[in-house]
Amino acid sequence: MRENKKTTQPLSIFELKEVSKTYDQLPALENITIRVPEGHWIGILGESGSGKSTLLQIAARHLDADKGAAFLHGKELPHVGSQLLKGHPKIKLVHQEFHLFPGQTVRENIAYPIRLERPAYVAQRTNELIELAGLEEVRNQKAKTLSGGEKQRTAIAMALSELPDLLLLDETFAHLDGLNRSRLTRLFQQLKARERQSCIFVTHAPTEAMDWADSLIVLRKGKIVQSGTPIEVYDLPVSAYVAELTGNVNWLDKTGRKFIRPEKVRVSRQEPVGPHMTGRIRHTHFRGLHWEYSCELENGLWWVVYRLRNDLKPDQTVYLRFSEKDTRHIK
Ligand SMILES: Nc1ncnc2c1ncn2[C@@H]1O[C@H](COP(=O)(O)OP(=O)(O)OP(=O)(O)O)[C@@H](O)[C@H]1O
């Protein structure tokens, strides 16, 4: 990685500096600064309408901000309005409306961005991506005949055939089933580790954000409310909004200031010695690797608790214990 000698900070590939955007006098983004160091994946998490897509559109050079600037490798990028074509050749946005050539095959679509390279390289890179994206069986099928998930994987493979300096992903996993999700996961793991790809990705899903991001940025009503590593943001959220957006939260009182995460709560069927809380199981949810139970406490609060086994029944009385050091306060 190239280092900035003065600060020893990794150099930013891309930067948005003090960017603001208003639609019909309503602010969609306010004073947003984001730096993407080389090889980093920045996850943008936020509720619907918080400005995530607007941010990606500005980063992709599809949309001009009202204020602020965008830099690639330290060079300010021109206004979108002053360019003949929207976008930037070194920045690729993959979003849910896939831009594929419908009459071309999967292979032809993936090969298109590198069509001027040596034929042997084109064939090798295309085959590699077809395999990584799990598209072997549809490689000769026309894009218009693909399923939604196949289109999405083809669009991602196409974006990656010629690696951009900055990859932008908009809700990439949103409509994928488990199998396709794990295929893409492999593809992205390789991109991160081998290709040192830099990326900004937008998601609603906290697990996806935690999994992929080197740093997380939480947006609310167009403003950055918190940024940090996924662990920092998850463990020390600055507000109830961030706490609830990043995972399940058990509030310790009705003020919404003190909480504990469910994985820190021990649930038992027998009354323990020592301090504990008492509750009743109300709902059971199978989550694959664990069971999640909604539990109504004696004080009227509802908590979520996890167990590896499905051994608690609705209406059963349970006892909850936790350590004070695992509780968190929101200032
Ligand atoms: N073209 C537009 N014209 C007017 N208002 C817009 C336009 N695009 C977005 N907005 C508004 O700007 C705000 C931010 O929208 P944006 O699509 O960036 O949010 P988001 O976080 O991506 O939402 P979602 O998760 O629902 O896609 C919203 O209030 C939205 O209604």
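I took helices (H or I, at least four residues) and strands (E, at least two) as DSSP runs, numbered from the N terminus. By that rule I found 8 helices and 18 strands in the protein chain.

**Basis.** I worked on a predicted model, in which local features need pLDDT of at least 70 and side-chain atom pairs count only at pLDDT 80 or more, while totals for chains, interfaces and linings use all residues. I numbered residues from 1 along each chain as its sequence is written.

**Entry 1: the chain.** I noted that the C-alpha atoms of the protein chain fill a box of roughly 75 × 45 × 45 Å along the principal axes. I called a residue buried if 20 or more other C-beta atoms lie within 10 Å of its own, exposed if 12 or fewer, and partly exposed in between, with C-beta atoms placed from the backbone. Of the 331 residues, 33% count as buried. I then looked up contacts, meaning pairs whose C-beta atoms, placed from the backbone, lie within 7 Å. Among contacts between residues at least 6 apart in sequence, 63% join residues at least 24 apart.

**Entry 2: the ligand shell.** The ligand is surrounded by Tyr23, Asp24, Ala28, Gly46, Ser48, Gly49, Ser50, Gly51, Lys52, Ser53 and Thr54. Helix H1 (residues 52-59) gives the largest share of this shell, 3 residues. I classed Ala, Val, Leu, Ile, Met, Phe, Trp, Tyr, Cys and Pro as nonpolar, Asp, Glu, Lys and Arg as charged, and the others, Gly among them, as polar. The shell then divides into 2 nonpolar, 7 polar and 2 charged residues.

**Entry 3: a sheet.** An open sheet of 5 strands runs in the order S13-S17-S14-S15-S16, with antiparallel pairing. S13 and S17 (residues 317-321) pair in the antiparallel sense over 3 bridges. Within this pair, I saw that Arg266 stands opposite Arg321 in S17.

**Entry 4: two helices.** I used axes fitted as lines to C-alpha atoms, for helices over the stretch in contact, with angles from 0 to 180 degrees between N-to-C directions. The axes of H3 (residues 119-132) and H4 (residues 148-161) come within 10 Å and cross at roughly 145°. I listed Arg125, Thr126, Leu129 and Ile130 of H3 and Ala157, Leu160 and Ser161 of H4 as making the contact. These residues divide into 4 nonpolar, 2 polar and 1 charged.

How values were computed: A residue is near a molecule or strand if its C-beta atom, placed from the backbone, lies within 6 Å of it. Two residues are in contact if their C-beta atoms, placed from the backbone, lie within 7 Å. Two strands pair if DSSP finds at least two bridges between them.
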